[in-house]
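Visitor: I would like to go through this structure with you, one topic at a time. Shall we put it on the screen?

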Amino acid sequence: MDRIKEKLKALLKDGEIKGVLGFVPSSTPLKNRVIYTESPEDIDKFVVSPFNTLNPLSYLLRLKEKGKVACFLRPCEQRGLNVLVSEGILKRENVFVIDVPCSGAVDPFRLKKAYDGDIKEAKVRDDRIVIKGTIGEKTYPLSEFIPYSCRVCEVSSFGDIDLSIEGEKSTMEHENYRKIEEFDKKNTL
Ligand code: SF4
């Protein structure tokens, strides 16, 4: 991620991009905020996290007149971008796509239900979610709070990207692979 941030700062300085759209931590636990910035100082605040639950494309649509904007996009959002480009709503040359490897975004409503108190802080440690709040600290398996649509997601990067974040992918097991493995075992003579 540091390499990406340095590259974005250089692109801003050289005027190759007008600004950057991405997620930063929020004072509201479980839901990071989307910001657009034209300031290199803000670049260090960007995070890749399962708490990035909003869709940055809706924000990107409001920046159409800005010129070329860099945007952190997960594979499903890249697919959304392709649709917007094919329908003439956005120009591909106005988006600098940063490919974000993704194993799913947390369902904040399910987590709020599981933690029976006010949540003050939430963090992801390896494949666990650690919640602190009015009933103390509790830890949950991350995979239990990833929606089904993400657990069976087979979308990978679309190839039409400008920059890729490597090595950020979670080690969370993919549900489809697990099913295939179970099926394979049943068919072993
Ligand atoms: S796992 Fe797939 S559907 Fe879920 S946020 Fe990531 S890319 Fe999108």
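Visitor: To start with α4, how many residues does it have, and how far does it reach from its first C-alpha to its last?
Guide: This is a predicted model. In it, α4 has 12 residues and spans 17 Å between its first and last C-alpha, close to the 16 Å expected at 1.5 Å a residue.

Visitor: Let us turn to the ligand. Which residues are around it?
Guide: The residues around the ligand are R74, P75, C76, C102, S103, G104, A105, S149, C150, C153 and V155.

Visitor: Which elements give two or more residues to that shell?
Guide: Those elements are α4, residues 75-86, and α6, residues 148-151.

Visitor: And how does the shell divide into nonpolar, polar and charged residues?
Guide: The shell around the ligand has 7 nonpolar residues, 3 polar and 1 charged.

Visitor: A change of topic: what is the strand order in the open sheet of 3 strands?
Guide: The order is β5-β6-β7, and the pairing is antiparallel. The edge strands, β5 (119-125) and β7 (136-141), each pair on one side only. On average, neighbouring strands of this sheet are turned by 20° against each other, direction ignored.

Visitor: How many bridges pair β5 with β6?
Guide: There are 6 bridges between β5 and β6, the latter covering residues 128-133. V124 has I129 in β6 as its bridge partner, and R125 stands opposite R128 in β6.

Visitor: What lies between those two strands?
Guide: β5 and β6 form a hairpin with 2 residues between them, and D126 in the turn has a positive phi of about 55°.

Visitor: Then how is β6 joined to β7?
Guide: A hairpin joins β6 to β7 through 2 residues. These antiparallel strands share 6 bridges, and G133 has G136 in β7 as its bridge partner.

Visitor: Finally, the largest nonpolar core: which residues have the most contacts inside it?
Guide: They are V69, A70, C71, V95 and I98, in a core of 25 residues. At least two core residues come from each of α1 (2-13), β1 (19-24), α3 (56-60), β3 (69-73) and β4 (95-99).

Visitor: Which element supplies the largest share of this core?
Guide: β3 does, with 5 residues. As a general point, nonpolar side chains tend to be buried together in soluble globular proteins.

Methods: Residues are numbered from 1 along each chain as its sequence is written. This is a predicted model: local features need pLDDT of at least 70, side-chain atom pairs count only at pLDDT 80 or more; totals for chains, interfaces and linings use all residues. A residue is near a molecule or strand if its C-beta atom, placed from the backbone, lies within 6 Å of it. Helices (H or I, at least four residues) and strands (E, at least two) are DSSP runs, numbered from the N terminus. Ala, Val, Leu, Ile, Met, Phe, Trp, Tyr, Cys and Pro count as nonpolar, Asp, Glu, Lys and Arg as charged, and the others, Gly among them, as polar. The expected span of a helix is 1.5 Å times one less than its number of residues. Two strands pair if DSSP finds at least two bridges between them. Axes are lines fitted to C-alpha atoms, for helices over the stretch in contact, and angles run from 0 to 180 degrees between N-to-C directions. A nonpolar core is a set of buried Ala, Val, Leu, Ile, Met, Phe, Trp, Tyr and Cys residues joined through C-beta atoms within 7 Å. A residue is buried if 20 or more other C-beta atoms lie within 10 Å of its own, exposed if 12 or fewer, and partly exposed in between; C-beta atoms are placed from the backbone.
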